[in-house]
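Here is my note on the model, point by point. Please keep the structure open as you read.

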Amino acid sequence: MARQLSAAHFSNEQRLVTGVVADFKKTLPATRDSPPFDLDVHLTAPAGTTVLFGPSGSGKTLTLNCLAGFVRPDSGRILLDNRIHFDAAGRVNLPPHLRRCGYIFQDHALFPHMTVRQNLTFAADGTFDRKESALGRRRRIADMLDSFELAGLASQKPGQLSGGQRQRAALARVLLSEPRLLLLDEPTRGLDSRLRDSFYSLLQSTQGRLNAPVILITHDINECLRLANNLCLLEAGRVLQNGPLHSVLQKPATVEVAKSLGLYILLPAEIRALDPGRRTSRLRVLDTDIDGPYLPGHLLGDRCTLCVRQSAAVVLASNSTENALTLRVLGSYQSSQGVRLECENDVRLAVTPQQWEQVRENDRLRVYLPPDAISFLS
Amino acid sequence: MGRTLESIDWFPLFLSLKVAALSTMFILVIGTGLAYLLSHREFRGKSLLDSAITLPLVLPPTVLGYYLLVVVGRETGLGRLYEWLFGTPLVFTWQAAVVAAIVHSAPIYIKGARVLLENVDYRYEWAARSLGASEWRTFWRITLPLARRGLSALGSLSFARALGDFGITIMVAGNFPGRTQTVSVAIYEAVESGDGRLARILVLVVSAVALAFLWPGSYLQRTSRMSSGS
């Protein structure tokens, strides 16, 4: 009864939502090495990949462990496909093996005393369909070994495998357990870029065969942009913003969110003029007036933070164009995205090597901010 | 006093081996279970249980023997239960020597096994749970195999220790030649009665047997360390 009541109560608005709906708190007491930690998570992870993004120590792994059932939250609820996994008020706490949350650990945690085939068999034996015949199960394992190119390695122990082979074995193993939710804790940490790439491709092809939401932890923004359909930003145990990737990127909810993503030019600004007719505004930024979008709900003289995606800003070769700021360059370095520039006021930009050649003589840059790319954060 | 090897009564040695084997089997089952509880569960009275398990290591054997007499004597509930089940009293039988050996060597096994089980990487256990394995299946298929080498070494240590109990055994099983006289008691009696040759032979044989059981254990530990270090 308690289960039904709380399910109805909690999922009123999300009755048809598949995926994870979680709302829980957990306090870790202080230890000798660390102060107490409060985790307060409100998270929805619908179908597709949800990336938990945030700095180290923001509570990402603890969140994942609560979802998997390894750590018991102090209060709140966790639902997966409208099925209650945890409900403090209703005293429901499904043990991990009944939650069917496949978990991929940083080092993959392949059982060292078993061969690859035994690892896979262990997972296949754990699936809930007891009607499956031994033959059917063997065939399922053989198929998985084939499709992950592990057939020749079936009798090897994990210690004998290369990094890439271990990744494949871990993914094959987790797929055989037929999870309803896949959790990945920084699966590419410590891997070189080639192995990272192969893991991403593998994961994306895996998702095709796995009809389940994926929650992945990373603190690499490129990994986040590549894999995420949804984003959940965590900082110091709190969720800063949770939603579809494109909407979070388009409109970070707060300055904190924008800072945490590290993708934006953030500058203090003051509203000089508002024109509801033409739906434009005039903003004072770094002693320059520039055009912005209309800002409903704001008044003349309001001081806020101007926010522009770094990739939307254009570095100009000449002084002529309107809507541009002048910024002094403090440093530059080569990166995989071209040349990264660090400018005054904590502004970071990426330019192509050709652009950099054109402007590198000057120590000041003209940076054009397209009016429709500007948003305004309180 | 010239004894030939044929004239030596080997019963105490065989009894000791039997007692040590049986007590080790008990310890492996109950001790591993207790060690798992202590290493993987939080419950009230855990530290009290841990201290109680350590107690036999520090108390004099005579005190432990006295306690055992109080607990399993003919007048106590446990003693009566045993007598009702098996038709004979427990005290002053070779079975009492098994109980004595368990009390003597279980603490070392349990304390060591707890550390070993705690040191099994929890991520393997969590991975198993997330793959649908119950706690019981995880214990049998993951935790236990990963701690196997260490537990085997501890098992041979507790066998060797059980072989050598004297104080508790003589308190609860007594010294009845041919019935409850274990090898350590036999050595004591040989020395007391001035049979130095018998004492020397038994001492050497016991030492050799104990060494034979300890050596593979420490070899196992050494290789497990080498393989985990690679």
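In what order do the elements of chain B run from the N terminus on? They run α-α-α-α-α-α-α-α-α-α-α.

1. **What you are looking at.** This is a predicted model: local features need pLDDT of at least 70, side-chain atom pairs count only at pLDDT 80 or more, and totals for chains, interfaces and linings use all residues. Residues are numbered from 1 along each chain as its sequence is written, while chains are lettered from A and ligands numbered from 1 in the order in which they are written.

2. **Chain B overall.** Chain B has 11 helices and zero strands. Helices (H or I, at least four residues) and strands (E, at least two) are DSSP runs, numbered from the N terminus. Along the principal axes, the C-alpha atoms of chain B fill a box of roughly 70 × 45 × 30 Å. Of its 230 residues, 37% count as buried. A residue is buried if 20 or more other C-beta atoms lie within 10 Å of its own, exposed if 12 or fewer, and partly exposed in between, with C-beta atoms placed from the backbone. Take the contacts in chain B between residues at least 6 apart in sequence: 75% join residues at least 24 apart. Two residues are in contact if their C-beta atoms, placed from the backbone, lie within 7 Å.

3. **Chain A overall.** The secondary structure of chain A comes to 11 helices and 21 strands. Its C-alpha atoms fill a box of roughly 75 × 50 × 45 Å along the principal axes. Of the 378 residues, 36% count as buried. Among contacts in chain A with a separation of 6 or more, residues 24 or more positions apart account for 66%. The domain assignment gives domain 1 (2-250) and domain 2 (266-377). Such bounds come from an automatic or database domain assignment. The centres of the two domains of chain A, taken over C-alpha atoms, are 39 Å apart.

4. **Where the chains touch.** The contact takes 19 residues from chain A and 14 residues from chain B. On the chain B side, α6 (122-130) and α7 (135-146) are the elements that give two or more residues. The most come from α6(B), with six residues. By class, this side of chain B has eight nonpolar, three polar and three charged residues. Ala, Val, Leu, Ile, Met, Phe, Trp, Tyr, Cys and Pro count as nonpolar, Asp, Glu, Lys and Arg as charged, and the others, Gly among them, as polar.

5. **A helix pair in chain B.** Look at α1 (residues 11-40) and α8 (residues 148-163) of chain B: their axes come within 8 Å and cross at roughly 140°. Axes are lines fitted to C-alpha atoms, for helices over the stretch in contact, and angles run from 0 to 180 degrees between N-to-C directions. α1(B) and α8(B) are therefore oblique to each other. Angles under 35 degrees count as roughly parallel, over 145 as roughly antiparallel, 65 to 115 as roughly perpendicular and the rest as oblique. Residues of α1(B) in the contact include B:Ser16, B:Val19 and B:Ala20, and those of α8(B) include B:Leu151 and B:Gly155. By class, this contact has eight nonpolar, six polar and no charged residues.

6. **One residue of α1(B).** B:Leu22 is found in helix α1 of chain B. B:Leu22 is partly exposed, with 18 other C-beta atoms within 10 Å. B:Leu22 and B:Ala162 are 140 residues apart along the chain, yet 9.7 Å separates their C-alpha atoms.

7. **A helix pair in chain A.** The axes of α6 (residues 163-176) and α7 (residues 193-209) of chain A come within 10 Å and cross at roughly 15°. These two helices, α6(A) and α7(A), are therefore roughly parallel to each other.

8. **Phi values to check.** Most residues other than glycine have a negative phi, and most peptide bonds are trans. A:Glu178 has a positive phi near 50°. A:Glu178 sits in the loop between α6 and β8 (181-185) of chain A, and A:Glu178 is buried, with 20 other C-beta atoms within 10 Å. A:Leu286 also has a positive phi, of about 45°. A:Leu286 lies in the loop between β13 (280-285) and β14 (288-293) of chain A. A:Leu286 is partly exposed, with 15 other C-beta atoms within 10 Å.
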